[in-house]
Amino acid sequence: MVTPVPISVPTISIPDQYNAATAFLDRNLDEGRGAKTAIYHEGQRFTYAEIATQANQVGNGLRALGVDIEQRVALALLDSPAFAAAFFGAIKIGAVPVPVNTLMKPADYVYILNDSRSKALFIHAALWPAVQSVLPQLEYLRHVIVVGLDQAAASEAPKRGFLSRRAPATQPQTLAAANGPVTVQDYDTWRTSASSTLTAAHTNKDDSAFWLYSSGSTGFPKGCVHLQHDMAYCTECYAKPILGMTENDIAFSSSKLFFAYGLGNGLYFPFGVGASVAHHPGRPMPEDLFDIVQTVRPTLFFAVPTVYASMLALPDAAKRFDFSSVRACVSAGEALPADILRRWQDTFHVDILDGIGSTEVLHIFISNRPGDIRPGSTGKLVPGYKARIVDELGAEVPTHELGTLQINGDSTTAVYWNKHEKSKDVIQGHWISTGDTYYQDEDGYYWYAGRADDMLRVGGRWVSPAEVEGVLISHPAVLECALIGAPDSNDLIKPKAYVVLKQGQEPSEALAEELMTQVKTQLAPYKAPQWVEFVAELPKTATGKIQRFVLRNTLQKPTPSA
């Protein structure tokens with residue numbers, strides 16, 4: 001039994017003149033960590049001094065391209081030292097990096113690059129063809145810096161259209177975009193030609209530092225403007241007191257750097273305490289994740305519930321891989337089912353600290369903590385944040401009553417870019433509405449009931465998708481599931497479950513009946529699904545959140561299976 005860690009409210013003092021790149025990167029050199037490994041990446045180690053040098057070169061290179069303070073710089077980069085260098089290099093000159101989803105389609109790049117008005121784009125070579133195909137639609141982009149272009153061009157570029165056949169990949173080329181020419185050049189050649197000495201811009205703690213686009217689990221992505229002090233606030237409130245993170249830790253996140261959860265796990269948390277981190281540019285496949293854990297020996301592991309379920313489903317994983325270096329695991333992105341937590345504890349003998357965060361608030365603001373875990377609960381409030389649960393009129397609800405969760409904390413986005421009405425709807429003074437339905441018990445633990453727009457009204461009574469999904473996923477045949485409302489023959493809304501089975505399990509009417517019966521025996525009968533549909537996969541955002549609205553939008557009127 002782990003003894004609960006006492007948590008105190010942190011004292012956070014940030015000077016008015018503040019540059020996050022200096023605080024999170026340069027400070028490690030000043031404190032003697034220049035030779036320490038900052039990033040493990042595909043068998044290589046990169047020290048803090050090396051990342052700082054690369055970041056300075058990026059900053060100087062951007063200035064030479066005419067990128068000025070407050071101008072946006074998009075990052076379509078895989079998890080890598082190049083991401084860290086581009087992110088901190090841009091911030092250091094007062095420019096605003098905008099990490100973007102590396103799984104996007106060409107039309108998505110058009111939307112975000114035009115919406116953010118990014119003047120420059122850093123992109124990995126494997127992703128460049130998707131953006132090159134839509135250059136004529138990009139209105140503001142003027143410079144593209146391609147990571148790995150020199151290697152890719154030698155064999156693949158001519159037939160895939162990276163650049164013209166007539167020039168070496170290391171030479172800048174000019175291509176046409178919507179309103180003018182775009183220069184395209186190789187990252188290493190461009191970066192190493194710039195000076196490695198750079199003085200930070202005189203930014204204010206309340207200046208824009210970076211933007212993150214919301215995952216779009218309920219619609220089109222929105223640009224969240226985050227300020228210079230936001231990363232420090234999350235580090236001081238969550239990483240240090242809740243995780244007990246120190247320079248002796250090695251972090252590894254299966255969740256990618258392009259979204260809020262992964263950015264903290266894999267970059268500014270470890271850099272904020274002088275720790276090390278492993279970057280994995282590939283997809284979070286279970287065997288690959290276990291291999292990296294066994295090789296790098298991280299002490300902290302971060303993932304989403306879907307990844308934990310897939311790792312548990314890997315045959316004999318506990319026997320094949322050594323997971324003993326990990327002292328704590330963290331989960332966010334979706335509520336962690338109690339059954340996954342119990343099976344993980346039994347299999348790997350380490351806790352998963354479930355929590356809730358958001359792109360808008362940057363990282364986790366309610367969390368379980370070492371020695372204080374209540375399975376199925378999101379945990380307690382992170383010190384430095386305030387929470388309230390309100391009804392439709394904005395009044396706080398009593399204990400155990402459902403309502404919409406609102407959060408107060410100084411890492412909250414300043415505004416949604418170019419979304420004035422949405423900003424006013426969601427950000428209400430010092431409070432922001434999460435859109436999540438919650439209740440709080442008498443011991444102070446918060447319990448997730450689903451997104452406000454995912455809640456079902458069945459026979460005049462509320463049904464929480466998360467509650468029903470938690471029962472379904474405890475069945476040994478179920479890998480993951482999603483519950484939505486579907487009309488019956490009388491056009492009355494009833495619960496319908498979409499179920500993904502574990503490998504080796506076969507769908508059948510008998511199994512569907514068994515799943516429905518399991519819910520009826522553990523919950524009120526009206527909460528049980530009236531239909532179970534077996535599917536190969538569930539629609540998700542790149543961050544692993546199930547897109548129930550996609551299931552609703554494609555719904556056909558069902559025929560009861562029972």
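## Buried residues and salt bridges in a predicted model

Gly 59 lies in helix H2, which spans residues 48-64, where helices (H or I, at least four residues) and strands (E, at least two) are DSSP runs numbered from the N terminus. The model is a predicted one, in which local features need pLDDT of at least 70 and side-chain atom pairs count only at pLDDT 80 or more, while totals for chains, interfaces and linings use all residues. Residues are numbered from 1 along each chain as its sequence is written, and side-chain values use heavy atoms, with hydrogens and water left out.

With a relative accessible area of 0%, Gly 59 is buried; buried means under 20% relative accessible area, exposed over 50%, and partly exposed in between, for a 1.4 Å probe and protein chains only. Not counting residues up to four places away in sequence, Gly 59 touches Gly 89, Ile 93 and Leu 198, contact meaning heavy atoms within 4.5 Å. Ala 86, in helix H3 (residues 81-92), also counts as buried, at 0% relative accessibility, and touches Val 58, Leu 75, Leu 77 and Phe 122 when residues up to four places away in sequence are not counted.

His 363 is placed in the loop between strand E15 (352-357) and strand E16 (364-367) and is buried, with a relative accessible area of 1%. Its side chain reaches the backbone oxygen of Tyr 261 at 3.2 Å, a polar contact being a pair of N or O atoms within 3.5 Å in which, within protein, one must be able to donate a hydrogen and the other to accept it, and residues adjacent in sequence count only if both atoms are side-chain atoms.

Arg 72, in strand E3 (residues 72-76), is buried yet has no salt bridge, and the nearest side chain of opposite charge, that of Glu 70, is 6.3 Å away. For such charges, Lys and Arg count as positive and Asp and Glu as negative, whereas His and the chain ends are not counted. A polar atom of the Arg 72 side chain lies 3.0 Å from the backbone oxygen of Glu 70, and a polar atom of that side chain lies 2.8 Å from the backbone oxygen of Ser 116. Leaving aside neighbours within four places in sequence, the residues in contact with Arg 72 include Val 96, Trp 211 and Trp 417.

A salt bridge is a side-chain nitrogen of Lys or Arg within 4 Å of a carboxyl oxygen of Asp or Glu, and by this rule the count comes to 23 salt bridges. Three of these pairs are tabulated here.

| Salt bridge | N to O distance |
|---|---|
| Lys 92 and Asp 26 | 2.8 Å |
| Arg 548 and Glu 334 | 3.8 Å |
| Lys 527 and Glu 467 | 2.9 Å |

Lys 527 lies in the loop between H17 and strand E27 (531-534) and Glu 467 in helix H16, so this pair ties together parts that are 60 residues apart in sequence. Lys 527 is buried, with a relative accessible area of 14%, whereas Glu 467 is partly exposed, at 32%.

The axes of helix H16 (residues 465-472) and helix H17 (residues 509-522) come within 9 Å and cross at roughly 115 degrees, the axes being lines fitted to C-alpha atoms over the stretch in contact and the angles running from 0 to 180 degrees between N-to-C directions. Val 468, Val 471 and Leu 472 of H16 make the contact with Leu 515, Gln 518, Val 519 and Gln 522 of H17.
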